[in-house]
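Here is a brisk tour of one protein model. Keep the sequence and the 3D view open as you read.

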Amino acid sequence: MKVNIPDSWKNILQIEFEKNYFNDLTFFLDSEYSNYKCFPKENEVFAAFDICPFNNLKVVIIGQDPYHGTGQANGLCFSVKQGIKIPPSLINIFKEVVTDLEVDHPSNGNLERWAKQGVLLLNATLTVRESIAGSHQKKGWETFTDAIIKQISDKKEDIVFLLWGGYAKKKIKLIDIKKHSVLNSGHPSPLSANRGYWFGNKHFSKTNKILKSLGKKEINW
C-alpha cells in the first residue's frame, strides 16, 4: 500500500511508518487489498489527514471502524460519499446537529465539509474487508491511530476532542486534559441513542462555544 501523507502531517506520522508494526500492517494490507474487496479505496485510506491539515486542526472526532458496505467509506469516520444512503449513526448525529444548532438538515452524508474546517474525523482502524465488520482490527491500525492522538495531544494546544461511546472514551488516556477540551457522550448508534445516551449532548454548540472563547473560527456543522 502506498502511503501518501500531506507535508503538514509528515513530521507527526513518519516515525510511525518506520516502525516494525507498520511494516507488518502494510504487508497485511497489501495481501487484503490484492485478494479481497476492501474499503475505503487505497487512495482514500488517509483522507482524514489529506483534507484536514495539521496546522488547521481544531477538533478531533474518534470513530472505530470504516463502513464495510460497497461505496460507503470515504476515509472519514461516520462519513459516507455523496449520494450514498445516510447510515443510522450519522442520521442521529445530524438530528443532534439540527436540534442543537437549530439549522437545516444536511443534504448529504459526506463530512468533508467538516474536515476542511479543521475537524479530524479519525477512525481507530482505517480499513476493513467488504461485509466483515472489524476484519482489520488488531493488525496495527490501533497502534498507529493511538500514536496520532498522543502526538496531537503533545504537539498541539486547545484541541476539542469529542469522544462518543465507550470505545472512544478509552482514548482519554492519550490526551492531556490540562491542555485540551474533552466532551464525552454516548455513541450515536440507535442502540445507544434510543436509550438516552446521545440526544441532547449539545456537543456541536459546546464545541463552537469553546472555539469562540479561544478566538478560533467556529465550525459550520
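Cys-77 counts as buried because its relative accessibility is 0%. Buried means under 20% relative accessible area, exposed means over 50%, and partly exposed lies in between, using a 1.4 Å probe and protein chains only.

The model is predicted: local features need pLDDT of at least 70, side-chain atom pairs count only at pLDDT 80 or more, and totals for chains, interfaces and linings use all residues. Residues are numbered from 1 along each chain as its sequence is written, and side-chain values use heavy atoms, with hydrogens and water left out.

## Cysteines

A disulfide is a covalent bond between the sulfur atoms of two cysteines. Here, a disulfide is called when a pair of cysteine sulfur atoms lies within 2.5 Å. How many disulfides does a search of the whole structure find? The search finds zero.

Now turn to the strands. Helices (H or I, at least four residues) and strands (E, at least two) are DSSP runs, numbered from the N terminus. Two strands pair if DSSP finds at least two bridges between them.

Four strands form an open sheet, in the order S3-S2-S5-S6. The pairing is parallel. Strand S3 (119–123) and strand S6 (181–185) are the edge strands, and each pairs on one side only. From one strand to the next, the twist averages 20°.

Strand S2 (residues 59–63) pairs with strand S5 (residues 160–164) over three bridges, in the parallel sense. Across this pair, Ile-61 stands opposite Leu-162 in S5. Helix H9 (residues 203–213) packs on the sheet and touches S2, S5 and S6. The direction of H9 makes about 165° with that of S5.

S2 also runs parallel to S3, and five bridges join them. Val-60 has Leu-120 as its bridge partner in S3. Val-59 stands opposite Val-119 in S3.

Is S2 enclosed or open to the outside? Five of the five residues of S2 are buried, so the strand is largely enclosed by the rest of the structure. Val-59, Ile-61 and Gly-63 point one way from S2, while Val-60 and Ile-62 point the other way.

S3 is mostly covered too, with five of its five residues buried. On one side of S3 are Val-119, Leu-121 and Asn-123. On the other are Leu-120 and Leu-122.

Two packed helices are described by the angle between their axes and the distance between the axes. Axes are lines fitted to C-alpha atoms, for helices over the stretch in contact, and angles run from 0 to 180 degrees between N-to-C directions. Contact means heavy atoms within 4.5 Å.

| Helix pair | Axes come within | Crossing angle |
|---|---|---|
| H2 (residues 20–35) and H6 (residues 141–155) | 9 Å | roughly 130° |
| H1 (residues 7–17) and H6 | 10 Å | roughly 140° |

Angles under 35 degrees count as roughly parallel, over 145 as roughly antiparallel, 65 to 115 as roughly perpendicular, and the rest as oblique. H2 and H6 are therefore oblique to each other. H1 and H6 are therefore oblique to each other as well.

Residues of H2 in the contact with H6 include Tyr-21, Phe-22 and Leu-25. From H6, Trp-141, Thr-143 and Phe-144 take part. In the contact between H1 and H6, the H1 residues include Trp-9, Ile-12 and Glu-16. Among the H6 residues in that contact are Phe-144, Ala-147 and Ile-148.

Look again at Thr-143, which is found in helix H6. Thr-143 is partly exposed, with a relative accessible area of 44%. Thr-143 and Glu-16 are 127 residues apart in sequence, and their C-alpha atoms are 9.0 Å apart in space.
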